[in-house]
Amino acid sequence: MFTVFRALLILTHFLYNLITAVHNWYMLLYRKCTEIWYGENLMTEVEWLVRTASRTKKLPRHILIIFGAKEDTILDCVRIISWCITLGIPYVSFFDINGFLVKNESFLKHEIEKRRPDLVDHISWSKPKRAFKQNGMTGSKLKTRVTLLCALDGKTEIVTLTKNLAEAVVTGTIKSEEINADLLNEKLNSRDLPDPDIGLIYGRVCCTYGVLPWQTRITEFFTLPVHYSLSVKDFMYLLKKYNKCEQRYGK
């Protein structure tokens with residue numbers, strides 16, 4: 001009996017993987033045909049984004065992109081940043097657990113300067129400080145703040161903070177009774193970013209890959225197959241899905 005159930009399980013997995021593979025190849029072929037037929041370019045992207053924004057009741061303030069097992073993410077970042085700037089979304093963050101983007105930040109900046117030089121003045125790369133306003137304004141110029149995150153901004157941040165606080169108590173810099181929820185919240189949110197409204201995960205499963213749960217407690221998560229390059233139509237579709245979500249905040 002065990003052998004029969006095991007054979008059925010193996011067969012089920014095989015059929016599932018086969019159907020998934022066929023669906024993915026069909027979607028890739030459909031994307032290519034659509035791009036050729038409609039001639040997708042920068043002008044049509046802007047038109048689609050503007051049209052979607054005009055029909056959308058709410059836009060996210062902060063979008064978090066989680067690159068799970070996906071590699072070669074630079075061009076995806078360039079496209080997503082350009083879309084967020086077009087829509088006036090003030091915060092966009094990219095997280096990959098291996099720290100690829102953090103290590104290649106200069107290359108990402110170079111690609112943006114080469115492909116979209118018109119966007120350079122609309123991007124803030126510096127880490128947020130308390131002097132910045134929450135709406136993404138720096139002085140009188142509206143900018144989209146781009147943040148690159150890695151594992152050091154997740155669980156490792158907790159470990160580092162715990163060690164620093166322990167050392168501060170030992171040296172007398174801080175008293176143990178002064179360590180409270182407000183202090184921890186301030187230290188763990190040193191980037192001064194609002195919680196993400198949308199979390200886009202590149203992967204077959206809904207896994208946050210180490211992003212801290214209390215930073216994503218109100219985040220609406222969506223998944224995208226690893227081998228896809230996010231198109232402007234996909235982006236608009238996700239915004240429409242987010243627009244239909246009712247956030248009850250635990251009520």
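**Exercise 1. Which loop does Q215 lie in? Work out its surroundings.**

Before starting, note that this is a predicted model, where local features need pLDDT of at least 70 and side-chain atom pairs count only at pLDDT 80 or more, while totals for chains, interfaces and linings use all residues. Residues are numbered from 1 along each chain as its sequence is written, and side-chain values use heavy atoms, with hydrogens and water left out.

Step 1. Find Q215: it sits in the loop between β7 and β8. Strands here are DSSP runs of E with at least two residues, helices are runs of H or I with at least four residues, and both are numbered from the N terminus.

Step 2. Q215 has a relative accessible area of 18%, so it counts as buried (under 20% relative accessible area; exposed is over 50%, partly exposed is in between; 1.4 Å probe, protein chains only).

Step 3. Look across the chain. D195 is 20 residues away from Q215 in sequence, yet the C-alpha to C-alpha distance is 5.5 Å.

**Exercise 2. Follow β2 and its neighbours.**

Step 1. Count the bridges. β1 and β2 run parallel and are joined by six bridges, while β2 and β6 pair in the parallel sense over five bridges.

Step 2. Sort the side chains. In a regular strand they alternate between the two faces of the sheet. In β2, Y91, S93 and F95 point one way, V92, F94 and D96 the other way, and all are buried. With six of its six residues buried, β2 is therefore largely enclosed by the rest of the structure.

Step 3. Step over to β6, where T144 lies. T144 is buried, with a relative accessible area of 5%. Leaving aside residues up to four places away in sequence, T144 touches C84, I85, I89, P90, Y91, V92, H122, I123 and S124.

**Exercise 3. Is β7 enclosed or open to the outside?**

Step 1. Find its partners. β7 (residues 198-202) runs parallel to β1, with five bridges joining them, and it also pairs with β8 in the parallel sense over five bridges.

Step 2. Follow I198. I198 is the bridge partner of I63 and stands opposite E220 in β8.

Step 3. Check both faces. I198, L200 and Y202 on one side and G199 and I201 on the other are all buried. Five of the five residues of β7 are buried, so the strand is largely enclosed by the rest of the structure.

**Exercise 4. Find the aromatic pairs and say what they link.**

Step 1. Set the rule. Rings of Phe, Tyr and Trp (its six-membered ring) pair if their centres lie within 6.5 Å; planes under 30 degrees apart count as stacked, over 60 as edge-to-face and the rest as tilted. The structure holds three such pairs.

Step 2. Take F67 and Y202. Their ring centres are 5.0 Å apart and the planes meet at 40°, so this pair is tilted. F67 is in β1 and Y202 in β7, 135 residues apart, and both are buried. F67, F94 and Y202 form one aromatic cluster.

Step 3. Take W83 and F235. This pair is also tilted, at 5.1 Å centre to centre and 40° between the planes. W83 belongs to α3 and F235 to α8 (residues 232-244), 152 residues apart; both are buried.

Notes: Two strands pair if DSSP finds at least two bridges between them. Contact means heavy atoms within 4.5 Å.
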